[in-house]
Amino acid sequence: YTLFQIKDSIFLWWNVLCSITLFAFYISTVYNKAIATSNTEIIVNSVIVLFVMEMDEWIFSALEASNKKWTEHAADSESSSDSAAEKGAGIDEMQEEIAVQKEHIADQQVELEMLRSQQEELML
């Protein structure tokens, strides 16, 4: 990926996340206006929504503390600058492993051809 593609991707996902947040805010506002009969009820409903959001963060933190793998994908998006270097190292390791596997396949193909020729000799 080029730097331009990465920046475009980050900008795109930033817009998606902001859109989701704004949509949630809009829906909460419409919902509160629809069910609340007074200003006090609007405030109570808003506090309840904020409490539920805070509970979500606490649950996520507890899951992260109990098992990192369960929340690994979310942590990757938060530390994208650190993970870029790690991904680069991981890609290098994968490319080395691919080269080793290609050599192994080539050796097996040579051995297979040798076994086929031996089989043909025995059948004659």
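Colleague: Leaving aside neighbours within four places in sequence, which residues is asparagine 45 in contact with?
Modeller: Happy to start there, bearing in mind that this is a predicted model. Contact here calls for heavy atoms within 4.5 Å. Beyond its neighbours within four places in sequence, asparagine 45 touches Asn32, Ile35 and Ala36.

Colleague: Thanks! Is asparagine 45 buried or exposed?
Modeller: Asparagine 45 sits in helix 2, which covers residues 39–66. The cut-off for buried is under 20% relative accessible area. Asparagine 45 has 16% relative accessibility, so the residue counts as buried.

Colleague: Now for the rings: how many aromatic pairs are there?
Modeller: A pair needs ring centres within 6.5 Å. By this rule, the count is two. One of them is the stacked pair of phenylalanine 11 and tryptophan 14, with 20° between the planes and a centre-to-centre distance of 6.3 Å. So the number you asked for is two aromatic pairs.

Colleague: What separates phenylalanine 11 and tryptophan 14 along helix 1?
Modeller: Both belong to helix 1 (residues 3–35). Phenylalanine 11 is exposed at 52% relative accessible area, and tryptophan 14 is exposed at 51%. Because they are three residues apart in that helix, their separation is about one helical turn.

Colleague: And what kind of aromatic pair do phenylalanine 51 and tryptophan 58 form?
Modeller: Their ring centres are 6.4 Å apart, with 85° between the planes. Phenylalanine 51 is partly exposed at 47%, and tryptophan 58 is partly exposed at 49%. Planes over 60 degrees apart count as edge-to-face, and this pair is edge-to-face.

Key
Residues are numbered from 1 along each chain as its sequence is written. This is a predicted model: local features need pLDDT of at least 70, side-chain atom pairs count only at pLDDT 80 or more; totals for chains, interfaces and linings use all residues. Side-chain values use heavy atoms; hydrogens and water are left out. Helices (H or I, at least four residues) and strands (E, at least two) are DSSP runs, numbered from the N terminus. Buried means under 20% relative accessible area, exposed over 50%, partly exposed in between (1.4 Å probe, protein chains only). Rings of Phe, Tyr and Trp (its six-membered ring) pair if their centres lie within 6.5 Å; planes under 30 degrees apart count as stacked, over 60 as edge-to-face and the rest as tilted.
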